[in-house]
Amino acid sequence: MKENEMQHPGKSQTEISTTPANDNVRNHVTCPACGLLCDDTAIEQAETSALKVIQKGCAKRVRFFEQALIESSPRIAGKPTSLEAAVNKAAKILADSNLPLFAGLGTEVQGMRAVMQLAASAGATLDHMNSDSSLRNTLVVQNAGWIVTTLTEVRNRVDLLVVIGTDIVSYNPRFFERQIWNTESMFGQNTSNREVVYLGGRGLDTSHGISPDGIKPTVLECDVAQLPAVTAALHALVAGKELSAKSIAGIPTEALEKLATRLHQAKYSVVTWVSSALDYSHAELTVQSITETIIKLNEKTRCSGLPLGGSEGDYSANQTSTWISGYPVRNSYQQGYPEYDPYHFDTKRLLQSGEADSLLWINSFNAERTPPVTALPTIVLGHAASQFDREPDVFIPVGTPGIDHIGTMFRIDSSVTLPLAKLRTSATPTLSEVITAIEQAMKLDGLDVD
Amino acid sequence: MLIKLTGGRVYDPAHQIDGKVMDIYIRNGRIVEAPRADEKISQEYDLRGKVVMAGAIDMHTHIGGGKVNIARMMLPEDHRADPVAHTEFCRPGCGHAVPSTLTTGYRYAEMGYTAGFEPAMMPVNARQTHLEMGDTPIIDKGGYAMLGSDDYFLRMLTAKQDQNAINDYVAWTMHASQAIGIKVVNPGGISAFKFNQRALDLDELNSHYQVSPRDVLKALSRAVHELGVPHPLHVHANNLGVPGNMETTLKTMGASEGFPMHLTHIQFHSYGTEGDRKFSSGAAAIAESINKHKHISADVGQILFGQTVTASGDNMRQFANAAHGSPKKSVIMDIECDGGCGVVPFKYKDQNFVNALQWAIGLEIFLLVDDPWRVFLTTDHPNGAPFTSYPHLIKLLMDKSFRNDMFTKLNLDAQAMSTLTSIDREYSLYEIAIMTRAGAAKLVGLHDRGHLGVGAGADITVYTDQPDREAMFAKPDYVFKDGELVVRNGQVIKVTWGSTHTVKPEFDRGIEKDLKKYFDKYHTMNMENFKIRDDEIAEDGRGKVIVQACEGRREKSE
């Protein structure tokens with residue numbers, strides 16, 4: 001059926017054209033180097049296929065876009081080979097495997113769609129390289145829910161920002177520049193009057209919390225590992241309880257009382273954390289302590305959470321997995337239908353216990369995020385510059401989304417998805433192409449375990 | 001390839017065909033004229049004794065986008081109870097309250113549905129909505145873009161900008177978000193909640209913009225009409241779920257000053273305050289008012305008993321309802337100065353007074369609205385119940401004794417407050433075909449769907465006529481999508497990918513100059529990235545964009 005047969009031409013249609021790009025400058029390019037996905041990037045495409053960032057940004061952005069184009073060949077046991085041979089070998093490994101583990105999952109939406117399809121036909125288990133940290137948030141959503149907000153709301157409304165256990169900028173360098181100290185805001189707020197409080201952490205770079213007028217942020221230091229006690233105390237104080245302790249983890253109770261009062265008085269406070277900075281066991285309980293405090297505050301005023309951090313496509317992989325299978329990672333198709341189990345499907349556990357019998361690792365954004373060392377048959381579909389402590393059985397270089405091919409990515413606040421651009425010509429295949437080829441090879445050779 | 005469907009009993013209300021035995025011919029995915037005698041029939045289906053209708057269309061179902069995926073993510077316990085293994089044709093997934101996208105498409109098709117429309121697509125979140133709909137197989141889909149609490153629009157109202165400028169913004173939004181309709185949720189109220197207002201009645205002012213919900217409804221209903229968009233403004237009114245909200249709803253019907261409006265999940269907006277518990281049915285007054293106001297249509301948003309989850313753009317009301325949730329957890333979001341969302345799981349119980357009365361109120365509305373072209377069969381999936389309960393709902397409408405039997409199982413106090421058993425009406429097959437096919441297609445503006453006339457897309461469902469209407473509608477004998485047999489005996493046998501229906505009304509592109517400045521100043525994404533290109537929907541060759549005709553710009557406002 002031809003497409004035009006399906007359409008009513010309609011006399012009233014017009015098209016919105018996209019802005020024509022200058023000859024060699026691409027504007028409003030999305031930067032996937034951190035969870036903020038700033039899309040004010042301008043990139044100059046030089047004839048050498050090198051890319052140059054020509055608009056304001058951050059070091060992460062420059063490092064990401066100006067990485068050299070490396071064309072490396074697929075390898076089997078370290079020896080260069082054809083794509084076809086590598087694909088066939090990978091298909092054989094997966095077909096011979098009872099419980100293949102697909103981990104890393106450093107990809108975007110379209111890549112993850114392909115991964116989900118192969119996982120279903122191979123009966124694979126799925127885990128993302130950042131699951132330890134993203135589960136600290138996911139488990140709270142599943143246990144209690146939360147009240148959260150998004151970047152544009154923060155940019156235009158926040159009057160009190162509470163930052164818990166992090167400096168933010170190590171993860172999201174431009175957060176303060178774009179969301180807090182922006183000069184103009186929708187509702188006529190003088191943004192330099194915004195208050196910033198850092199709660200927890202030691203020796204953090206709090207200079208970004210200084211307002212353009214030079215007003216310093218409040219800094220209440222404690223060890224990150226003490227945050228369970230500190231956030232519980234703040235929750236109690238916000239709920240109107242009295243504490244007999246004079247200090248909590250070295251922070252004077254009086255200072256926490258003052259913070260509770262400021263939160264009650266604020267019209268639109270935002271409490272933010274980076275789950276990977278809360279790197280201790282059961283940190284999800286700390287996140288829940290924060291989110292329950294926020295829910296309490298909303299009885300009378302407005303206050304919202306804002307989980308930050310995010311990278312390597314963690315939000316994209318989770319969202320895509322959730323709509324296709326019904327579950328975020330860690331999940332599994334081993335039984336022929338999707339199952340979800342954050343404990344049992346942990347990469348570390350599956351490798352150590354010997355339950356998994358092959359590993360397919362994906363790191364398309366970042367050459368440094370290579371797989372954990374294991375004696376299991378290992379396939380890596382990864383960044384061309386990846387270097388390994390133990391050479392995988394099969395290595396197939398794949399393109400970097402947002403540079404080598406288009407894609408779609410979820411921002412850290414999960415409400416906004418942005419298109420990724422193709423900025424240079426590369427012979428390296430996309431992850432989706434390689435995955436689809438592996439699936440085809442499994443079917444053609446009758447290797448499909450189904 | 002010429003296919004003949006022979007001798008079925010056809011219900012095609014768009015052509016006033018009510019159970020006539022006739023043949024239907026399909027070629028290249030379309031219904032065609034009877035061929036010449038010398039033309040070869042490639043395939044024939046003997047449908048003698050069978051009931052034939054167009055594929056059903058769900059004009060209001062939450063199948064994609066941020067709040068739906070939050071609901072999926074927060075309810076692993078619900079999915080665990082309904083795992084779906086792969087079959088020869090279908091990939092695995094899971095079902096119940098908010099099924100995975102793949103399972104959603106399969107299950108709709110297996111019930112004879114060939115299209116579903118996501119009614120709360122936030123423009124800033126539209127890309128995600130289309131991604132999820134793009135992974136929903138077989139059925140066609142589309143989305144209604146949510147406006148009415150977005151800062152740009154409310155600013156326009158505050159500044160008393162002329163209607164033409166508003167029309168341009170509405171049209172621009174429809175293009176950018178690839179929408180087929182415009183939805184307004186708690187007009188102005190999602191924004192008001194961000195300024196800490198906890199309720200907003202029709203004539204109350206948003207404290208910042210000094211604009212009332214009535215102002216919002218007037219401007220948007222007129223814009224949609226003047227742009228020639230077939231689907232009237234889709235309205236989720238203020239005060240959802242509040243006892244006594246029927247007064248707001250009755251006033252809302254007049255708020256558009258005659259411009260067409262569709263009032264969605266009206267059951268949730270039809271509550272009085274009579275009785276000891278100050279909660280009563282407003283169905284009679286609501287239905288009477290719908291009967292009188294010909295510019296108003298409604299879908300019901302029937303509740304059915306069991307576990308589900310409510311997912312809505314109405315963060316103000318969802319925050320207020322969170323305490324009633326079960327299991328007790330909820331996600332409430334403010335989103336991008338554009339909208340918001342609230343997700344609250346609910347378990348409706350027949351022994352709960354309020355739930356039992358909600359059930360009765362929904363059915364009373366169905367049965368008291370005279371014109372089946374202006375009332376539509378929905379559960380506001382998943383808010384009142386999962387869409388998989390439609391066959392049960394159809395039986396409740398078509399079978400009075402079944403309905404009355406169910407009624408006797410309700411909470412006794414609720415029974416005492418309802419007049420349901422005094423209503424004798426039973427829907428006919430023809431009326432069901434209006435509600436779920438011809439009427440829905442007309443309302444949404446799908447010119448080539450919902451009917452079986454020559455030129456229509458060959459979306460066709462074939463049932464065995466059974467006295468048990470639930471069994472009949474749960475498992476069609478055949479479902480054809482664009483002329484391809486996709487379901488046999490209630491099971492998917494072929495997976496296709498449906499299309500995405502949109503409209504692209506004409507507008508003055510000059511508005512982009514101001515919008516670009518606005519985005520650069522206040523937003524965290526570039527205006528160009530806000531727009532969704534056709535090829536993002538048609539990617540992988542799986543989907544495509546169908547542009548349904550607008551009737552052209554109606555009279556230009558002075």
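Two strands count as paired if DSSP finds at least two bridges between them. Helices (H or I, at least four residues) and strands (E, at least two) are DSSP runs, numbered from the N terminus. The legends describe a predicted model, in which local features need pLDDT of at least 70, side-chain atom pairs count only at pLDDT 80 or more, and totals for chains, interfaces and linings use all residues. Residues are numbered from 1 along each chain as its sequence is written, chains are lettered from A and ligands numbered from 1 in the order in which they are written, and side-chain values use heavy atoms, with hydrogens and water left out.

**View 1. Chain A as a whole.**
Chain A contains 13 helices and 22 strands. Its C-alpha trace spans about 70 × 60 × 45 Å along the principal axes. Of the contacts in chain A with a separation of 6 or more, 63% join residues 24 or more positions apart (contact: heavy atoms within 4.5 Å).

**View 2. Burial and surface of chain A.**
Of the 450 residues in chain A, 61% are buried (buried: under 20% relative accessible area, 1.4 Å probe, protein chains only). Chain A exposes about 17,000 Å², and carbon and sulfur atoms supply 49% of this area; areas come from the Shrake-Rupley method with a 1.4 Å probe.

**View 3. The nine-stranded sheet of chain A.**
Nine strands of chain A form an open, mixed sheet in the order β5-β4-β20-β19-β18-β6-β7-β16-β17. The edges are β5 (79-80) and β17 (339-340) of chain A, each with a single partner strand, so one side of each has no neighbour in the sheet. Arg75(A) has Pro80(A) of β5(A) as its bridge partner.

**View 4. Strand β16 of chain B and its partners.**
In strand β16 (residues 296-299) of chain B, Ile296(B) and Ala298(B) point one way, Ser297(B) and Asp299(B) point the other way, and all are buried. Strand β13 (residues 261-263) of chain B pairs with β16(B) in the parallel sense over three bridges; here Ser297(B) of β16(B) is the bridge partner of His262(B). Strand β20 (residues 375-376) of chain B also runs parallel to β16(B), joined by two bridges. Phe376(B) in β20(B) stands opposite Asp299(B).

Conventions:
Buried < 20%, exposed > 50% of the residue type's maximum accessible area, 1.4 Å probe, protein only.
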